[in-house]
Amino acid sequence: MTTLTHSARPSRPRRKPVDGWRWAGRIFLVLMLIYTVVPMAWMLITSLKGGFAAMMYPPQWIPAEPTLENYIRLLDPKDTIGQDFLRYFWNSLWVSTTTTILAVIVAVPAAYAFSRFRFPGRNFLFFAVLLRNMFPAVIFLVPLFILMRWLGLVNTHGSLILTYLTFGLPLAIWLLKGFYDNIPIQLEQAARIDGATRFQAFLLIVMPLSTPGIIATAIYSFIGAWNEFIYAATFLNKNEQMTLPVGIQRFFSENTTDWPGLMAASFMMSVPVVVLFLILQKYFVRALTEGAVKH
Amino acid sequence: MAEVVLKDVVKTYGSVYAVNNVSLTVADGEFVALVGPSGCGKTTTLNLVAGLIPMSGGDVMIGDRVVTDLDPKDRDIAMVFQNYALYPNKTVYKNLAFPLQMRKLPKDEIDRKVQAAAKVLDITHLLERKPRELSGGQQQRVALGRALVRDPKVFLMDEPLSNLDAKLRVQMRSEIKRFHQDLKATIIYVTHDQLEAVTMADKMAVMNGGFLQQYDTPANVFANPVNMFVAGFIGSPAMSLIPLTAVTRGTEVVLTSAEGWELPLSPANAKKALSAKSDKVVLGARHSTVRLHKTQVPGSVPGKVYTVEPTGDVTFAQIFVSSAILNISLGPTVQISPDESVFIEFDQERMHLFDGVTEMALKAV
């Protein structure tokens, strides 16, 4: 025993007793993981098979002869299927991006106003904004269709963009208001005393701090519009205007279904969303206002 | 630097008066503390001077300009916030440079001023850091630096020390005081800590319930509180207030308690007691002006020891006198114990008398 060791300190942390709840939680998480990953994996595996291999029973878990032919076909502008797919993809991208940009442009000032200003009817308005999202989408299908027909927007992408905004905006406003609520008002006050106008304080101080919120909001809007099916199926019936979720249906035909083609299309439909998430996920976790004020 | 004048300033929220007809003048180069309990309207008053919230009535003047309708940016003021409000995405350098950039100063002048301010506050080595990488005391310095970099007409400070730990607070207190002396700056300083107000300010404005209660030098406020609120708020421990009844006995006036003891008043105090609206008079005494006796002496009243708090060089004790608790301070050698019966002698020269109805200090008429 040397005199340098601290004899008072226990040599090894005592083993914690096995925590049943902790293990139950782990098992639950593993099951959830399987539940979410297996369909995606199955989608990817099937998309790499030929038409015959996809129908084999028992199924091939690992494709014996993996092929990219389905992807090549979908991305070939000369192929008829490729032409359709690329058009749907472009349509979806256009509708979703426009929806997202408009949603952010409108939601940012609206959320800021709800967060910072006290005006008559503020609570009522905010509740009204949220009320829209408390009803299932189907309820508005017929009224909105009639409205769109009246506006002459049936069979245009404008009808979808407008409709998606009615879903996306309330959520976007609500999300962003939460972000603005968390930015201390003293920062703007300091900026205004330091010589900024109210708008400059918003632009130079508040906006950079709410970037994570804006990005998160944009992603939500984008995904909502990208995945939407029922309105797209109702408002559009021309092939050249269809968006991906509707267009993909065309892989089902009366007698046969091109499963590998469908799976390849589905996989590529999920790619933009996943890529978006991977690129921007750091904004979700970055605690940007940390150190701004002492709590 | 400039003087600041508040004239009949009012701020209402619905039917609630947050600031009620406050008028005061802060002379050029003066350090004024707005002090009062939470919700007394002191921060609201400061925000009105800053122009951060619209006024419901009255006027604010800074220098020779009426600024009532001006934006904060046009008032030529600087403000230090309780939570510092440093721009979290900017470095310390850019935090300090921001007010200068907003005034479109040339780049080399900005650099010169930022470096000068950083040197004064000893934060030169922190200039490239982000606020979150600083300690509380360092953040406080940066906040101060951002205020002084621009040489404004008035400094507004909203409880700038209340987020610091006790030791740092005492240190920063003397630094801010030094800063005021060196710059001869006009400072309006909001605090709920009466000790900060007393130690730092040239004058203190005591507020309560939206009203300005008293505006005077700390020494005068301490010596002559205008009402029971100010008496109880300023000083630590607080002035003790004992509700009694004034009775005339032939040529002299005595204060009587419900328990039946009587305290004869000096002629000067007797005059004051008789000027009260009713016979209800409140006796106020600071801890250092009363003497404790173990046996009854002429002019003393009975009490019972409640708690004894030795602090080393002074022992504070709380004594039940009539229905109230009296704070007293004793030398370290005095031995008393809880529940002991003692006798209290008041200093007629330094006792305070308040009207039991209006709560105002009584004056000899």
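## A helix in the open

Of the 28 residues in helix 1 of chain A, 2 are buried, so this helix lies largely in the open. "Buried" means that 20 or more other C-beta atoms lie within 10 Å of a residue's own, while 12 or fewer makes it exposed and anything in between partly exposed, with C-beta atoms placed from the backbone. This is a predicted model: local features need pLDDT of at least 70 and side-chain atom pairs count only at pLDDT 80 or more, while totals for chains, interfaces and linings use all residues. Residues are numbered from 1 along each chain as its sequence is written, and chains are lettered from A and ligands numbered from 1 in the order in which they are written.

Helix 1 of chain A covers residues 20–47, and its length checks out: at 1.5 Å a residue it should span 40 Å, and its end C-alpha atoms are 41 Å apart, which agrees. (The expected span is 1.5 Å times one less than the number of residues.) There's a kink, too: helix 1 of chain A bends by about 30° at Val37(A), with Pro39(A) following within four residues. That bend is the angle between axes fitted to the seven residues ending there and the seven starting there.

## Chain A as a whole

Chain A has 12 helices and 0 strands. Helices (H or I, at least four residues) and strands (E, at least two) are DSSP runs, numbered from the N terminus. Of the 295 residues of chain A, 30% count as buried. Take the contacts in chain A between residues at least 6 apart in sequence: 74% of them join residues at least 24 apart. Two residues are in contact if their C-beta atoms, placed from the backbone, lie within 7 Å.

## A helix that is tucked away

Helix 8 of chain A (residues 185–193) is largely enclosed by the rest of the structure, because 7 of its 9 residues are buried. Among them are Leu187(A), Arg192(A) and Ile193(A). The cover comes from both chains: it includes helix 9 (198–227) of chain A, plus helix 1 (42–50) and strand 6 of chain B. After helix 8 of chain A comes Gly195(A), with a positive phi near 115°.

## Where the chains touch

The contact takes 26 residues from chain B and 21 from chain A. On the chain B side, strand 6 and helix 2 (92–102) each supply at least two residues. The chain B side divides into 16 nonpolar, 4 polar and 6 charged residues. Here Ala, Val, Leu, Ile, Met, Phe, Trp, Tyr, Cys and Pro count as nonpolar, Asp, Glu, Lys and Arg as charged, and the others, Gly among them, as polar.

## The sheet in chain B

Two strands pair if DSSP finds at least two bridges between them. Strand 6 and strand 7 (residues 154–158) of chain B run parallel over 4 bridges, with Ile77(B) partnering Val154(B) and Val80(B) opposite Met157(B).

Strand 7 of chain B is mostly covered, with 5 of its 5 residues buried. Val154(B), Leu156(B) and Asp158(B) sit on one side, Phe155(B) and Met157(B) on the other. Strand 7 also pairs in the parallel sense with strand 8 (residues 187–191) of chain B, over 4 bridges, and there Met157(B) has Tyr189(B) as its bridge partner.
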